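Q: Could you please take me through this protein structure step by step? I am new to reading such models.

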Amino acid sequence: MGKRYNVPLYDLKRDQTRTVDTPLRPMEICCRALDAGYLINLPVLKGHCQTVMTCALKNCKGCLPDREKRRFHAEGLMEPIAALAAALRPDLTIVDSICGDLNFEEGGNPVPTGRMLLGEDPVQLDAYGCRLMGLELSQVPYIELAERWGAGSARLEEGDIIQLNAPTAGAAYPRPSGTVASLTRRVQAKSACSTCFASLVRALYQSRDTRPIAIGQGWKGVPFDGLGIGVCCNCAKEQVKGCPPSAEDILRALNG
């Protein structure tokens, strides 16, 4: 597509960064995102195993170098996502809500809606996304925190939502089923990265193992009498190595 339309494509993993002050702390952000004349954000509205939902605000995490993304997870995601929103606000956000998953960011329980959203305030779009998913704002703390830090408004008033057309066949959003919460009820997560946690959830979908499980950067050097997931759980009684380990390796350990 880039060659056909003569549009340059850039991998932000290779981009230079600039340190920007935020309400939380100084943060490294990719220069191409900061210097864009008109920044368009293209998130998918869906459930997330750690932040409950992900949409406009969390998607901007893609404008960060990997070292900053890892720090986000070590800090618990909520505050840094809100702080990034105060420092980097897209001019336009187009949300793909055509077929999202209500529980898990990597899919597995798709819910087709035939819906897309467009707006200039990412905080308001996330607040509206919560409403569509049957969630309370309190379940996604970074939205109200981003509002408090001046990134936008979470309020939805009459006239704020303009419907351009109505799909003739689109399922209504049911409430999240809580599948991931049920699967991970014995998991003790401390600053776990999404990729590692996602591998664990995929494995738990296929296992009935009931032993205690530890995962996350917070377990480095900490003894744990159970199964540790990833290189961070180096002092667990049992360990699945990898950064992140594959779902296949985790499943093998769970079924072993």
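A: The following answers cover a sheet, some helices and the cysteines. Please keep in mind that this is a predicted model.

Q: Thank you. In what order do the strands of the open sheet β8-β11 come, and how do they pair?

A: The order of the four strands is β8-β9-β10-β11, and the pairing is parallel.

Q: Which strands stand at the edges, and why does one side of each lack a neighbour?

A: The edge strands are β8 (187-189) and β11 (236-240). Each has a single partner strand, so one of its sides is left without a neighbour in the sheet. On average, neighbouring strands of this sheet are turned by 30 degrees against each other, direction ignored.

Q: How many bridges join β10 and β11?

A: Strand β10, residues 224-229, pairs with β11 over four bridges in the parallel sense. Within this region, I229 stands opposite V240 of β11.

Q: Which strands does helix α9 lie across?

A: Helix α9, made of residues 194-204, lies across β8, β9 (213-215) and β10. Its direction is at about 155 degrees to β9.

Q: And how does α9 pack with α10?

A: The axes of α9 and α10 (residues 247-255) are 8 Å apart, at an angle of about 50 degrees. The two helices are therefore oblique to each other. The crossing of α9 past α10 is right-handed. On the α9 side, the contact is made by S199, L200, R202, A203 and L204. On the α10 side, A247, I250, L251 and L254 take part.

Q: Changing topic, is helix α5 mostly covered or mostly open?

A: Helix α5 (residues 78-87) is mostly covered, as seven of its ten residues are buried. These are M78, P80, I81, A82, A83, L84 and A85.

Q: What covers those buried residues of α5?

A: The covering elements include the strand β2 (27-30) and the helices α3 (56-59), α4 (66-74) and α7 (141-148).

Q: One more topic: how many disulfides are there?

A: The count comes to zero. C30 is in no disulfide, and the nearest cysteine sulfur, that of C63, is 6.6 Å away.

Q: Are C30 and C243 buried or exposed?

A: C30 counts as buried because its relative accessibility is 0%. C243, by contrast, is exposed, with a relative accessible area of 69%.

Technical notes. Residues are numbered from 1 along each chain as its sequence is written. This is a predicted model: local features need pLDDT of at least 70, side-chain atom pairs count only at pLDDT 80 or more; totals for chains, interfaces and linings use all residues. Side-chain values use heavy atoms; hydrogens and water are left out. Two strands pair if DSSP finds at least two bridges between them. Axes are lines fitted to C-alpha atoms, for helices over the stretch in contact, and angles run from 0 to 180 degrees between N-to-C directions. Contact means heavy atoms within 4.5 Å. A disulfide is a pair of cysteine sulfur atoms within 2.5 Å. Buried means under 20% relative accessible area, exposed over 50%, partly exposed in between (1.4 Å probe, protein chains only). Angles under 35 degrees count as roughly parallel, over 145 as roughly antiparallel, 65 to 115 as roughly perpendicular and the rest as oblique. A crossing is left-handed if the near helix is turned anticlockwise from the far one by less than a right angle, and right-handed if clockwise.
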